[in-house]
Amino acid sequence: MSDTRPRVLLTQRQTTPVMQRIEQSFNIPTVPDQQMTTRELLDAARVFQPQAILTATGLPLRGNDVLLLPDSVKVVATVSVGTDHLDIPALHARGIVVTNTPDVLTECNADMAILLMLAAARRASEYGALMRRGWGRSLAMDELLGTRISGKRLGIVGMGRIGRAVAKRARGFDMQVMYSNRRRLPSDQEAGATYFSTVTDMLPHCDILSLHLPASPETDGMINADLLSCLPRGAIFINAARGALVDEDALIDALRSGQLAAAGLDVYRNEPNPDPRFLELPNVFLTPHVGSATVETRTDMGMMAVDNVEAVLAGRDALTPVRA
Ligand SMILES: O=C(O)C(=O)CO
């Protein structure tokens, strides 16, 4: 008997509970172990004629790719909050609903920013490397010292859901929180943080700078040499948002010159092959874009994507549509 369940193409595996739900509800082709490439996705879509595609960051679907999707596709659900890998206007122009997974990853992503902050400030890369080389002798009282983050001035660029969750955690460290954002937040959301209408005005006051805004043509490369030079010498730079926000040549120069004491990076311009110069810098703590990578959060994200697919294919409104 032919399988009449909706056809859904997965560009990669999801967590076990999400896979179980998908396998019960949908007709799916074999799921690859690694995330598909754009070419593989387009080939699989042509053959399978899915009504829905479940995808994620790291798999770009640009204008020309979108034109090659079969007419069967009604919804593209990305298991991510960021949508910069998708050409939203091109998808909408084809009548395809796009959904993402906001909110459910806020806490995890904020945890990641704090992890990067502590790791960068407390020289986790260097300590880890020393342990692996062989510790061998006691460190001198003034050797390999990090920076205390408690009580320091934290500048947050982008005070959306994730920025506010970072601010909440930072208050637990008695940090003095500042933020720059398109608009000032109401005082209950601001929770004592100091507002700056421009990033440039905020930078001279920051011991630590953390980015929490989406990638877009307007924010591309916004953290450049000029802005980095506005930070106090020896500041710490954190990016758990998007690599495209940063001019990486300028970041590397600032880390080499001591303008920045350290950086904690989860995201890069060229993923999954970041600029190799980062690997040579001892004062950078690097992780492979894992801000949402916990069992709980990845399951919540996958379930939300499936809820969206089910809603759209049943003719209902998507729960979390991405608007133009
Ligand atoms: O959901 C996203 O956009 C992410 O980058 C997850 O870390």
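Which residues surround the ligand? This is a predicted model, with local features needing pLDDT of at least 70 and side-chain atom pairs counting only at pLDDT 80 or more, while totals for chains, interfaces and linings use all residues. Residues are numbered from 1 along each chain as its sequence is written, and side-chain values use heavy atoms, leaving out hydrogens and water.

**View 1. The shell around the ligand.** Here the ligand is surrounded by Thr-57, Ser-80, Val-81, Gly-82, Leu-105, Asn-109, Arg-242, His-289, Gly-291, Ser-292 and Met-301 (a heavy atom within 4 Å counts as near).

View 2. A polar side-chain atom of His-289 sits 2.6 Å from a ligand oxygen atom, and one of Arg-242 is 2.7 Å from a ligand oxygen atom. Val-81 uses a backbone N or O atom instead, 2.8 Å from an oxygen atom of the ligand. On its own the ligand exposes 230 Å², and the protein buries 94% of that (Shrake-Rupley method, 1.4 Å probe).

**View 3. A cis peptide bond at Pro-272.** Glu-271 and Pro-272 are joined in cis, with omega about 5°. Most peptide bonds are trans. Pro-272 belongs to the loop between strands S10 (260-265) and S11 (284-286) (strands are DSSP E runs of at least two residues, helices H or I runs of at least four, numbered from the N terminus).

**View 4. Asp-174 and its positive phi.** Though not a glycine, Asp-174 has a positive phi of about 55°. Its loop runs between helix H7 (161-172) and strand S6 (176-180). Asp-174 is exposed, at 62% relative accessible area (exposed is over 50%, buried under 20%, partly exposed in between; 1.4 Å probe, protein chains only).

Notes:
A polar contact is a pair of N or O atoms within 3.5 Å; within protein, one must be able to donate a hydrogen and the other to accept it, and residues adjacent in sequence count only if both atoms are side-chain atoms.
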